[in-house]
Amino acid sequence: MKILALASVLLVPVASMLVMAGEEKIHLKEGAGVDLVRKDCVSCHSLDYIPLNSPFLDHKGWEATVAKMQKAYGAQIPQEDTAPIAEYLAKNYGKK
Amino acid sequence: MIDRRKFLAAGLALPALSTTTARAAARIWQPSELGEGAVQTAILESLPGKVPLIKRAYRPPNFETPIDYFREPITRNDAFFVRYHLSAIPNVDAKAWRLKVGGDAARQPFELDLARLKKDFHPTDVVAVCQCSGNRRGMSSPHVQGVEWGVGAMGNAKWTGVRLKDVLEKAGITDKAVEIGFNGADGPAIQTTPDFVKTIPVQKAMDENTIIAYEMNGKPLPHWNGFPARVIVPGWTGTYWMKHVTDIDLRSSPLANFWMAAAYRVPAKLFTNADKFPTQDNATTKPITDIVVNSLVTSIHDGDHVKRGQMVDVAGVAWDGGRGIRDVEVSTDGGRSWVLAQLGKDYGNYSFRTFMHRFRVPAEGSPVVMVRAYNKRGDTQVEKLVFNPAGYHHNVIPQIHLEVA
């Protein structure tokens with residue numbers, strides 16, 4: 001299996017960071033907040049989920065998505081990062 | 001005029017692929033209803049052991065089967081779609097694998113290895129469609145958040161294994177049992193994400209078609225489809241078909257985790273013909289259960305060019321949630337008249353059923369091909385999407401416009 005275990009071994013997945021081959025090809029649009037997205041979102045999923053879900057969510061929709069990641073999926077996003085992340089997503093991948 | 005055809009040209013995404021399959025897949029049809037982002041991010045990419053599939057997302061891996069593979073009633077293992085919720089996916093060692101069967105509705109909990117599973121229980125098989133609940137989500141209007149699948153988050157295979165019923169009986173299932181829970185070896189990337197654990201009602205678990213499979217089309221399950229064993233819940237959507245299954249939980253109470261109580265649900269008032277799962281109902285929503293009757297045309301696509309007088313095949317597959325396909329009707333005049341298609345070999349009620357209708361392009365007008373399947377209960381496909389927030393159950397009758405050259 002071509003999964004690169006960056007921080008841990010596969011059988012002890014807790015707090016490890018797994019990256020699938022191919023992810024390096026994903027490029028998010030540059031813009032304010034993109035660093036926070038790269039830092040906070042990538043621990044659980046590849047960043048292609050963002051453009052995949054575009055461009056149909058408005059600012060509220062992206063806010064709700066970030067909140068869902070925290071509340072439903074337990075994402076460890078610092079509270080101060082949530083607003084700029086939603087802002088970035090709405091601006092770059094939001095409903096036109 | 002809008003170009004209705006959307007093809008995925010993915011040559012650049014295919015390093016060192018020299019097989020004919022890879023070449024054939026270099027242009028992949030995708031439905032025109034997909035959102036812009038879904039179209040732009042889709043590339044053909046091979047997971048280890050798989051032919052190039054349509055990559056929707058890398059991690060957790062979500063890869064869709066290109067439409068041409070549905071020209072056959074049985075989907076190849078190496079082209080079968082891949083869908084995970086969680087990204088810590090171990091390479092399970094078949095020798096080390098154990099299945100734990102227990103719970104508060106089990107009198108004799110036990111544990112067994114793969115050899116014993118195969119030896120201690122009578123083998124059986126079933127041909128059944130595994131379809132992701134969210135198949136065609138990307139075609140929802142309005143678009144909804146999630147994995148933006150086209151038409152290929154599904155596949156049909158012959159699954160071989162043992163009856164879940166036999167395993168539950170060996171565990172001494174008591175009359176207190178209401179749900180049977182499944183956990184698999186895959187887990188979340190971080191501890192705070194809820195592990196993917198699902199349940200089915202005890203009645204469905206005791207159905208003789210519900211099995212723990214260790215083979216798919218006569219071969220061990222591919223890693224990406226649940227090696228070494230997965231649960232097969234024929235007729236129901238893929239969310240219940242636990243991959244890499246390690247735990248079977250005989251429960252006297254409903255499971256109330258995120259994956260049951262919040263995810264994979266539909267509005268209570270919609271889809272009234274669906275199989276019931278009453279222990280998981282609430283005032284506003286109910287769990288998704290069986291697959292709605294549906295069909296997919298594989299031989300022609302919207303916007304294809306044809307010539308006057310040319311013979312055109314309307315062929316594809318039809319399936320439902322286990323009643324079985326009774327008829328497939330085809331219209332070539334935009335729904336004014338319908339004729340019965342010829343059905344192909346019957347692999348059982350849970351399987352794809354192939355269909356075919358051949359017609360001649362008329363001297364005037366442009367054909368608009370429509371297809372609707374009926375199951376043996378008389379359910380058929382819808383003219384308009386039954387919108388629901390999670391984007392499930394898209395079985396809209398297609399309108400395939402052929403352009404006469």
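1. **Basis.** This is a predicted model, in which local features need pLDDT of at least 70, side-chain atom pairs count only at pLDDT 80 or more, and totals for chains, interfaces and linings use all residues. Residues are numbered from 1 along each chain as its sequence is written, while chains are lettered from A and ligands numbered from 1 in the order in which they are written.

2. **Chain A, overview.** Chain A has 4 helices and 2 strands. Helices (H or I, at least four residues) and strands (E, at least two) are DSSP runs, numbered from the N terminus. Their order from the N terminus is β-β-α-α-α-α. Chain A has 96 residues, and 28% of them count as buried. Buried means that 20 or more other C-beta atoms, placed from the backbone, lie within 10 Å of the residue's own.

3. **Contacts in chain A.** Take the contacts between residues at least 6 apart in sequence: 59% join residues at least 24 apart. Two residues are in contact if their C-beta atoms, placed from the backbone, lie within 7 Å.

4. **A helix pair in chain A.** Helix 1 (residues 34-41) of chain A packs against helix 4 (residues 79-93) of chain A at about 115°, and their axes are 9 Å apart. Axes are lines fitted to C-alpha atoms, for helices over the stretch in contact, and angles run from 0 to 180 degrees between N-to-C directions. The two helices are therefore roughly perpendicular (65 to 115 degrees). Val34(A), Leu36(A), Val37(A) and Asp40(A) of helix 1 meet Asp81(A), Pro84(A), Ile85(A) and Tyr88(A) of helix 4. By class, this contact has 6 nonpolar residues (Ala, Val, Leu, Ile, Met, Phe, Trp, Tyr, Cys and Pro count), 2 charged (Asp, Glu, Lys and Arg) and no polar ones (the others, Gly among them).

5. **Four-strand sheet in chain B.** Strands of a sheet pair through backbone hydrogen bonds, either parallel or antiparallel. In chain B, 4 strands form an open antiparallel sheet in the order 3-4-5-6. Two strands pair if DSSP finds at least two bridges between them. The edges are strand 3 (43-45) and strand 6 (82-83) of chain B, each pairing on one side only. Strand 3 joins strand 4 (residues 53-57) of chain B by 3 bridges. Leu44(B) stands opposite Ile54(B).

6. **Five-strand sheet in chain B.** This open sheet has 5 strands in the order 8-7-16-11-12, with mixed pairing. Strand 8 (110-113) and strand 12 (197-201) of chain B each have a single partner strand, so one side of each lacks a neighbour in the sheet. The twist averages 20° from one strand to the next. Strand 7 (residues 98-102) of chain B pairs with strand 8 of chain B over 4 bridges, in the antiparallel sense. Leu99(B) has Leu112(B) as its bridge partner.

Key
A residue is buried if 20 or more other C-beta atoms lie within 10 Å of its own, exposed if 12 or fewer, and partly exposed in between; C-beta atoms are placed from the backbone. Angles under 35 degrees count as roughly parallel, over 145 as roughly antiparallel, 65 to 115 as roughly perpendicular and the rest as oblique.
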